[in-house]
Structure formats: C-alpha cells, structure tokens
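Visitor: I would like to learn how to read a protein model, one feature at a time. Where do we begin?

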Amino acid sequence: TRRLEQYEAFLDQHRLLTYSQMVAFAAKKLESKLTAVTGVRHLLVDEYQDINPAQKKLVCLIGRHANVFAVGDPRQSIYQWRGSDMKCFDDFLREFPGCETITLKENRRSGKKIVKAENMFARTFKRRRFAPLDPAMKGHGMVIVAESETPESEAEWVAEQIRRLVC
C-alpha cells in the first residue's frame, strides 16, 4: 500500500497519468458535458474483448450518435487485459440495439490441434456457450501444457522452445 501511495504521489507531482487514468479522465470529462459528442459518424473499436468498463463508457459516449463497428472475440476475454470483461459484449448489445452480430465459424489462425483444445476449453465456460470453431488451416500445430515454478523459469523454458523450433 505504501509503494502504491508513493507511486500515485509521484504521478501527481509530475502531472502524469497512466493509460487507465487517461481513459477514465476522458470518459469523465465527456460525461460531464451536457451535449453529446458530435462530428463522429463512424467509430471502429478493434480487440473489443480487451476493453474494460472505463473504455466501454468512452466507446458509448463517443459512439452515441455514430455507426459503431466493434471487432472482438469474447472467448479471448479470459485473459482479462487491464480488467477486460466478457460482459462488455452483452452490454454492447444493450448500448447499441439493432446492431448486427456476425459470428465467424472458422479459426484461420491456428492449427487443428490448437482449435480442438480451444473448443474443449470453451466448453468449460459457465457464463456463455460458444459453438465450436472449425480449423481452416491445413497444419495440425501443437499443444503443450507446461508448468513452471517461477516467471523466470517459464521465460527460460519459452525461450528454449523458440530456439529449438527456429534453429
């Protein structure tokens, strides 16, 4: 707690903001204005699975009177980058009623073994059910489960795998 207080004091002293603070600050400023954001006709949000509630609020404020196009994979919300939440997809449908959802049925990025493992893992999700994806790549790829004692030993293992596979 003390280190966090020191960090926040340093930011205040130097008039600095973190990325998350910038997003929250922008949303707060936009929300405090009584007039809507104007002049935005189209808003594209990529990697929607990575947004957090402050970013979602910013999208809603900027896109209130715009055509909003969001691209994302709710399955990837499991990584929870910067507080992301799969619920943001459900909220998007409420915030922008009438939007069209297009679901891709193929995974064009990963081999057959990886897609099979992904589909098995997706079946364990309790809050949402996903139709299985079909692999589009011809290769099989590989799935490896590894455990490490420390982040350093994990990094060493990953680096060794890369050396082994590339060299």
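**Reading the model**

Guide: We begin with Glu 154, which counts as partly exposed because its relative accessibility is 44%. Buried means under 20% relative accessible area, exposed over 50%, and partly exposed in between, with a 1.4 Å probe and protein chains only. This is a predicted model, in which local features need pLDDT of at least 70 and side-chain atom pairs count only at pLDDT 80 or more, while totals for chains, interfaces and linings use all residues. Residues are numbered from 1 along each chain as its sequence is written, and side-chain values use heavy atoms, with hydrogens and water left out.

Visitor: In which helix is Glu 154 found?

Guide: Glu 154 is found in helix α6. Helices (H or I, at least four residues) and strands (E, at least two) are DSSP runs, numbered from the N terminus. Val 166 also lies in α6, which covers residues 151-166. With a relative accessible area of 66%, Val 166 is exposed.

Visitor: How is the length of a helix checked?

Guide: The expected span is 1.5 Å times one less than the number of residues. Helix α1 (residues 2-13) has 12 residues, so it should span 16 Å, and its end C-alpha atoms are 16 Å apart, which agrees.

Visitor: How is empty space found?

Guide: Rolling a probe the size of a water molecule over the atoms shows where empty space is left. On a 1 Å grid over the protein atoms alone, a pocket is an open set of points where a 1.4 Å probe fits, with protein on both sides within 12 Å along at least five of seven lines; lining residues have an atom within 4 Å of a point. The largest pocket has a volume of about 1,700 Å³ and is lined by 46 residues. Gly 72, Asp 73, Pro 74, Arg 75 and Gln 76 lie nearest its centre.

Visitor: Which element gives the most to the lining of the largest pocket?

Guide: α5 does, with five residues.

Key
Grid points are joined across faces, edges and corners, and a volume is the space filled by probe spheres set on the points.
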